[in-house]
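Here is a briefing on the model shown below.

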Amino acid sequence: MKILVCISKVPDTTTKISFTDNDTKFNEDKVQFIVNPYDEWYALVRGLELKEAQGGSVSILSVGGADYDPIIRKALAIGADDAIRINAEPKDAYYTASQIAAFAKDKGYDLILFGKETIDYNGAQVGGMVAELLDLPYVSIASKLEVSDGLARVERDVQAGKEVLEGKLPLVISCAKGMAEQRIPNMRGIMAARTKPLKVEEAAEVEALVGIEKYSLPPAKGDVKLIDPENAEELIDLLHNEAKVI
Amino acid sequence: MSVLVYVNAPEGKIAKAAYEAVYYASKIAEKEGGDVHVVTYGSVSDDSLAELGQYGASKVMVCRELSEENDQKLTAIVAAAREKCGAKVIVFSFDPSGKVVAPRLSAKLKAGLVSGATSVPEIDGARFSIRTNVFSGKAFATYQVETEIKIISLMPNSLKPEKSDKKAEVESLSPSLPEAGLKVVERKRQSGDGIPLPEAELVVSAGRGLKGPENWGIVEELAEALGAATACSRPVSDIGWRPHHEHVGQTGIAIRPNLYIAAGISGAIQHLAGVNNSKTIVVINTDPEAPFFKAADYGIVGDAFEVLPKLTEAVKKFKASN
Ligand SMILES: Cc1cc2nc3c(=O)[nH]c(=O)nc-3n(C[C@H](O)[C@H](O)[C@H](O)COP(=O)(O)OP(=O)(O)OC[C@H]3O[C@@H](n4cnc5c(N)ncnc54)[C@H](O)[C@@H]3O)c2cc1C
Ligand SMILES: Nc1ncnc2c1ncn2[C@@H]1O[C@H](COP(=O)(O)O)[C@@H](O)[C@H]1O
């Protein structure tokens with residue numbers, strides 16, 4: 001099975017958020033970047049498990065500048081075979097998806113795996129766009145994936161619970177909790193990752209459809225109002241009369 | 001400008017988030033003068049569809065031939081409805097169904113998509129900008145959509161619809177549908193018939209401070225008294241004290257209820273990422289230094305085992321006298 005896993009780079013959740021250039025750019029200074037957890041924990045690890053059980057290959061694909069290389073190496077250390085970086089700023093979801101689709105179009109991947117969404121902008125867009133651009137079926141928020149004889153069985157979240165879908169490969173799938181368990185790279189993996197192939201490719205000519213005009217920070221939260229544990233009724237009164245939520 | 005709304009009605013029932021999306025669309029349509037059209041599918045009754053008029057829809061197009069939530073077919077029906085009504089703005093709910101169809105449609109129409117909108121767009125000539133929450137609720141971003149057709153996914157619980165007594169006209173839509181690559185072979189309904197967490201306006205949540213699954217009775221009792229849904233922190237669902245669909249936070253679901261009550265949860269940043277857009281946060285924790293107090297509006301430094309039952313009593317008393 002030939003598997004492509006698309007990974008993105010996000011700031012660690014504990015990052016202090018600030019902006020530069022008149023609040024039009026995210027300030028990356030001193031920010032610790034990680035592989036988007038959904039991409040790493042669920043998409044990549046499930047891809048690796050399928051390869052280990054059935055043979056094949058797992059390739060990593062990122063759209064980004066050289067600043068992506070450390071997170072790509074991390075994915076290689078966890079066990080991917082090789083990686084491709086499309087050398088371009090990921091301007092918006094459509095731009096990123098178009099790059100991925102242009103690359104994957106004639107490569108014969110059986111599965112193209114994504115994370116459910118990035119944890120910084122929470123777009124949940126790129127996977128579905130790639131599916132449309134390649135005219136393939138798309139399962140989003142998948143929590144289980146089994147493949148046998150070219151037929152995939154995927155469980156996904158829907159409004160009222162879960163649904164199990166069946167379809168022939170190739171498929172595009174966005175992965176969420178339940179798919180797999182996080183893997184910590186070991187020393188051997190980290191050493192091996194240094195020499196695994198990381199190919200850099202030129203970007204296709206594509207226009208972005210949306211842009212970020214400016215950022216802002218929410219107003220500082222006022223101090224918490226403490227209520228005596230013996231005085232439950234006071235809290236209910238405040239929730240009714242002050243907060244007006246009940 | 002005319003606006004088209006995609007309404008998902010699984011098993012014939014319209015979700016609360018869909019009413020919000022229709023109302024939101026009417027707020028956009030109002031700005032420049034225009035109608036709200038709805039596209040939906042499946043077995044939902046004509047009467048329920050006509051009621052979408054109360055939220056601002058003037059016309060509802062329903063594709064009866066389609067009964068499954070299929071990504072490729074749904075994209076085709078929304079595109080056909082768009083073609084028919086000429087809408088320049090298409091609204092989805094940012095829920096599992098919207099997350100499948102909106103990106104596909106965006107790529108198909110080359111129409112810019114903004115996910116998780118929390119307020120009505122600002123429209124000024126060619127400028128069309130929409131604000132969303134980013135970086136786990138730690139900041140806002142204002143997006144500018146550059147394309148002629150614009151797609152917005154609305155974050156559930158972002159606005160409270162007001163109803164009128166209008167009725168929408170219902171007509172059928174029968175576009176040619178593509179082959180489905182995927183087939184539904186099994187449906188698993190969420191156990192229990194309580195309020196689905198993403199839609200809940202009131203949520204009572206608990207964490208490892210509750211010590212064990214056998215102690216959740218006091219959490220459920222408060223939730224029941226309030227008419228709230230229940231949620232939990234990640235370790236609690238990981239060790240199986242509570243079902244996975246209750247897990248909120250960065251790796252679970254993100255919610256924005258009017259009231260979030262958290263008992264025995266420390267308030268780690270990954271937990272806050274899923275809840276800090278709640279309108280009002282109440283924290284109950286024995287440790288006055290628990291980080292959650294910094295994100296809270298109201299706090300009780302105390303033992304959840306004593307405080308929760310007292311709150312339940314107080315809520316019952318309040319309900320009886322109101
Ligand atoms: C990448 C990543 C993603 C994560 N994603 C999530 C996520 O999505 N959601 C999530 O919740 N977590 C997530 N976590 C875990 C998170 O960091 C915390 O470990 C977790 O939220 C802690 O859960 P807790 O507050 O229930 O438990 P604890 O941290 O153990 O806190 C228990 C709290 O209960 C209090 N307490 C104890 N006894 C009582 C009592 N009798 N009455 C009242 N209070 C009491 C204690 O003072 C303490 O504050 C993630 C972590 C990582 C690294
Ligand atoms: N720059 C990128 N390069 C490769 N894959 C990406 C990139 N950005 C996003 N993705 C993938 O698309 C998924 C959804 O991202 P988003 O639509 O931005 O929430 C992520 O979980 C990744 O799997």
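In which sense do β6(A) and strand β7 of chain A pair, and over how many bridges? They pair in the parallel sense, over 5 bridges. This is a predicted model: local features need pLDDT of at least 70, side-chain atom pairs count only at pLDDT 80 or more, and totals for chains, interfaces and linings use all residues. Residues are numbered from 1 along each chain as its sequence is written, chains are lettered from A and ligands numbered from 1 in the order in which they are written, and side-chain values use heavy atoms, with hydrogens and water left out.

**Ligand 1**

- Ligand 1 lies between chains A and B.
- It is surrounded by 27 residues (near means that a heavy atom of the residue lies within 4 Å).
- The closest are B:S233, B:T251, B:S266, B:H271 and B:N285.
- Polar contacts here are pairs of N or O atoms within 3.5 Å; within protein, one must be able to donate a hydrogen and the other to accept it, and residues adjacent in sequence count only if both atoms are side-chain atoms.
- An oxygen atom of ligand 1 is 2.7 Å from a polar backbone atom of B:S266.
- For B:G264, a backbone N or O atom lies 3.1 Å from an oxygen atom of the ligand.
- The side chain of B:Q270 has an N or O atom 2.8 Å from an oxygen atom of ligand 1.
- On its own, ligand 1 has 990 Å² of accessible area, and the protein covers 78% of that. Accessible areas come from the Shrake-Rupley method with a 1.4 Å probe; for residues, only the protein chains shown count as cover.
- Helices and strands are DSSP runs, numbered from the N terminus: H or I over at least four residues for helices, E over at least two for strands.
- At least two shell residues each come from α6 (234-238), α7 (269-275) and α8 of chain B.
- By class, the shell has 7 nonpolar, 15 polar and 5 charged residues. Nonpolar covers Ala, Val, Leu, Ile, Met, Phe, Trp, Tyr, Cys and Pro; charged covers Asp, Glu, Lys and Arg; the others, Gly among them, are polar.

**Ligand 2**

- Ligand 2 has 20 residues around it, and A:C6, A:D39, A:V63, A:A124 and A:Q125 come nearest.
- A backbone N or O atom of A:T118 lies 2.9 Å from an oxygen atom of the ligand.
- A polar backbone atom of A:G115 is 3.0 Å from an oxygen atom of ligand 2.
- A nitrogen atom of ligand 2 is 3.3 Å from a polar backbone atom of A:I7.
- The protein covers 93% of the 480 Å² of accessible area that ligand 2 has on its own.
- β6 (57-63), α3 (93-104) and β8 (111-115) of chain A give two or more residues each to the shell.
- β6(A) provides the largest share, 3 residues.
- The shell divides into 10 nonpolar, 8 polar and 2 charged residues.

**The 10-strand sheet**

- This open sheet runs β13(A)-β7(A)-β6(A)-β1(A)-β8(A)-β12(A)-β9(A)-β10(A)-β11(A)-β11(B), with mixed pairing. Two strands pair if DSSP finds at least two bridges between them.
- β13 (198-202) of chain A and β11 (182-189) of chain B stand at the edges with a single partner strand each, so one side of each is left without a neighbour in the sheet.
- A:I60 stands opposite A:A83 in β7(A).
- Helix α2 (residues 69-78) of chain A packs on the sheet, touching β6, β7 and β13 of chain A (contact: heavy atoms within 4.5 Å).
- The direction of α2 makes about 160 degrees with that of β7(A). Axes are lines fitted to C-alpha atoms, for helices over the stretch in contact, and angles run from 0 to 180 degrees between N-to-C directions.
- Helix α4 (residues 96-109) of chain B also packs on this sheet, touching β9 (138-148) and β10 (151-158) of chain A.

**The 6-strand sheet**

- The order is β15(A)-β16(B)-β15(B)-β14(B)-β12(B)-β13(B), in an open sheet with parallel pairing.
- Its edge strands are β15 (225-226) of chain A and β13 (229-232) of chain B.
- β12 (residues 202-206) of chain B is joined to β13(B) by 4 bridges.
- Helix α5 (residues 217-226) of chain B packs on the sheet at about 175 degrees to the direction of β12(B).

**Backbone details**

- The peptide bond from A:L169 to A:P170 is cis, with omega near 0 degrees.
- A:D23 is not a glycine, yet has a positive phi of about 60 degrees.
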